[in-house]
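Please keep the sequence and the model in view while going through them.

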Amino acid sequence: MSPRRPPRLATSLLCRLTRPTETVLGDLLEQFEGGKSRLWYWSQVIGLIAQTAVGEIQQSRALVVRVMASGLILTMITSSTITAIISFDRWLFVRGFGWFYRNGYGLPRSMASHPWWIATALYVLFGWCVGRFAQRRQAAVVLLFAISIFISDSALLSYHLASHSVDFANGYNLTQMVVFTVVILPLAALFGGVSARIWGSNQSGVIA
Amino acid sequence: MARQHLTDFELMILLAILRIGEDAYGVPIAREIEQTGRRSVLLGAIYTALDRLEENGLVTSSYGDPTPERGGRAKRFFKVTGKGLKAVKDTQKAFTALWRGIPQLKGGTT
């Protein structure tokens with residue numbers, strides 16, 4: 001009978017987000033082959049990644065500042081991009097380019113009516129770039145970036161709600177906006193970062 | 001300055017190593033804490049604590065030979081040092097002193 005294989009994705013994630021020692025990988029494999037479940041394996045891997053990230057964050061305050069600032073700047077860029085997309089057709093008319101719109105050269109209606117999905121795609125892209133180009137402390141960088149997106153977007157939404165400048169005309173209600181802001185968008189950034197590590201180069205070189 | 005007393009998790013790890021003896025590496029240490037301490041543990045937490053204990057000179061570690069059931073990876077064995085043993089005794093004394101004279105705990109813990 002061939003030995004059980006641990007979840008490959010979990011091992012890959014562990015090796016590319018942290019630099020686990022041979023000892024830790026051996027202990028995980030031994031326990032898994034000894035009868036522990038796949039769920040147990042995943043929980044151990046997530047625990048190891050979280051602990052590594054927290055340790056790295058505690059070691060470098062400069063990293064925290066840099067990644068948080070990047071998150072804030074990218075949130076501003078995304079917000080401006082979305083605003084520009086939504087108001088692009090109006091802008092054409094205001095600037096005297098109504099002819100373009102009337103002849104079908106405006107933005108597709110689906111783009112203006114689904115700004116949150118465009119934002120989600122942008123955050124996946126940003127997260128991917130952050131995860132791909134992080135040279136050191138990848139677990140901390142990816143996690144911090146997702147946290148920075150969460151904080152920046154929450155602050156931005158709070159500001160817009162407080163200043164009554166939220167546009168509900170696009171068919172999104174407040175609950176949907178909050179869900180996108182505090183759940184979907186940070187998860188998109190996290191997904192992008194993790195994807196970049198999984199499908200990027202193997203820097204630790206210890207994958208089985 | 002080094003800490004004087006151990007955390008409860010560090011104490012559990014040191015006691016687990018002492019109970020296991022020669023064969024104390026990550027897997028049996030985790031198993032011992034789970035079975036005796038009746039709590040689930042993360043390997044990452046154990047290694048973080050073990051690294052800290054080694055930094056403070058309370059344990060030492062050495063590598064064994066690679067074994068096939070571990071995918072050819074070596075085990076890291078741990079031993080409690082004299083300083084570690086003293087820390088365990090000091091912590092026990094501190095706990096015993098705190099235990100004494102509490103009316104609610106007299107005649108059992110129920």
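Predicted model: local features only at pLDDT ≥ 70, side-chain atom pairs only at ≥ 80, totals over all residues.

1. Packing of two helices. Helix α8 (residues 115-133) of chain A packs with α10(A) at an angle of about 35°, and their axes are 6 Å apart. The crossing of α8(A) and α10(A) is right-handed. Sorted by class, the residues in the contact of α8(A) with α10(A) are 17 nonpolar, 6 polar and 2 charged. In general, two packed helices are described by the angle between their axes and the distance between the axes.

2. For the complex, the predictor gives an ipTM of 0.81 and a pTM of 0.72. Chain A averages a pLDDT of 82, and 83% of its residues score at least 70. Among the elements of chain A, α2(A) has the highest mean pLDDT (91), whereas helix α7 (residues 109-113) of chain A has the lowest (64). The pLDDT is below 50 over residues 203-208 of chain A, a stretch that has 13 contacts in the model beyond near neighbours in sequence. Chain B averages a pLDDT of 88, with 93% of the residues at a score of at least 70. Among the elements of chain B, the mean pLDDT is lowest for α2(B) (91) and highest for strand β2 (residues 76-80) of chain B (96).

3. Overall make-up of chain A. How many helices and strands does chain A have? The secondary structure of chain A comes to 10 helices and 0 strands. Chain A has 208 residues, of which 34% count as buried. Of the contacts in chain A with a separation of 6 or more, 83% are between residues 24 or more positions apart.

4. An enclosed helix. Why is helix α1 (residues 8-17) of chain A described as largely enclosed by the rest of the structure? The reason is that 7 of its 10 residues are buried. The buried residues of α1(A) are A:A10, A:T11, A:L13, A:L14, A:C15, A:R16 and A:L17. These buried residues pack against α3 (38-59), α9 (138-162) and α10 (174-198) of chain A.

5. Domains of chain A. The domain assignment divides chain A into domain 1 (8-57) and domain 2 (60-198). The contact takes 10 residues from domain 1 of chain A and 12 residues from domain 2 of chain A. On the side of domain 1 of chain A that touches domain 2 of chain A, α1 and α3 of chain A are the elements that give two or more residues. The largest share of that side, 5 residues, comes from α3(A). By class, the residues of the side of domain 1 of chain A that touches domain 2 of chain A are 5 nonpolar, 3 polar and 2 charged.

6. The contact between the chains. Chain B gives 15 residues to the contact, and chain A gives 16 residues. On the side of chain B that touches chain A, α2 (26-37) and α3 of chain B each supply at least two residues. Which element gives the most to this side of chain B? With 5 residues, α3(B) gives the most to the side of chain B that touches chain A. The residues of that side of chain B comprise 6 nonpolar, 4 polar and 5 charged.

7. A:T23 is found in helix α2 (residues 22-33) of chain A. Is A:T23 buried or exposed? A:T23 is buried, because 21 other C-beta atoms lie within 10 Å, and the cut-off for a buried residue is 20 or more. Leaving aside neighbours within four places in sequence, A:T23 is in contact with B:G26, B:R73, B:A74, B:K75 and B:R76. A:T23 and A:M177 are 154 residues apart in sequence, and their C-alpha atoms are 45 Å apart in space.

8. A residue inside chain B. B:I46 has its place in helix α3 (residues 43-55) of chain B. B:I46 counts as buried because it has 22 C-beta neighbours inside 10 Å. Not counting residues up to four places away in sequence, B:I46 touches B:I13, B:G26, B:I29, B:A30 and B:V41. B:I46 and B:V27 are 19 residues apart in sequence and 9.8 Å apart in space, C-alpha to C-alpha.

Conventions. Residues numbered from 1 in each chain as written. Chains lettered and ligands numbered in written order. Helix = DSSP H or I, 4+ residues; strand = E, 2+ residues; numbered from the N terminus. Buried ≥ 20, exposed ≤ 12 C-beta atoms within 10 Å, placed from the backbone. Contact = placed C-beta atoms within 7 Å. Domains from an automatic or database assignment. Nonpolar A, V, L, I, M, F, W, Y, C, P; charged D, E, K, R; others polar. pLDDT = per-residue confidence, 0-100. Axes fitted to C-alpha atoms, helices over the stretch in contact; angles between N-to-C directions. Left-handed = near helix turned anticlockwise from the far one by under 90°.
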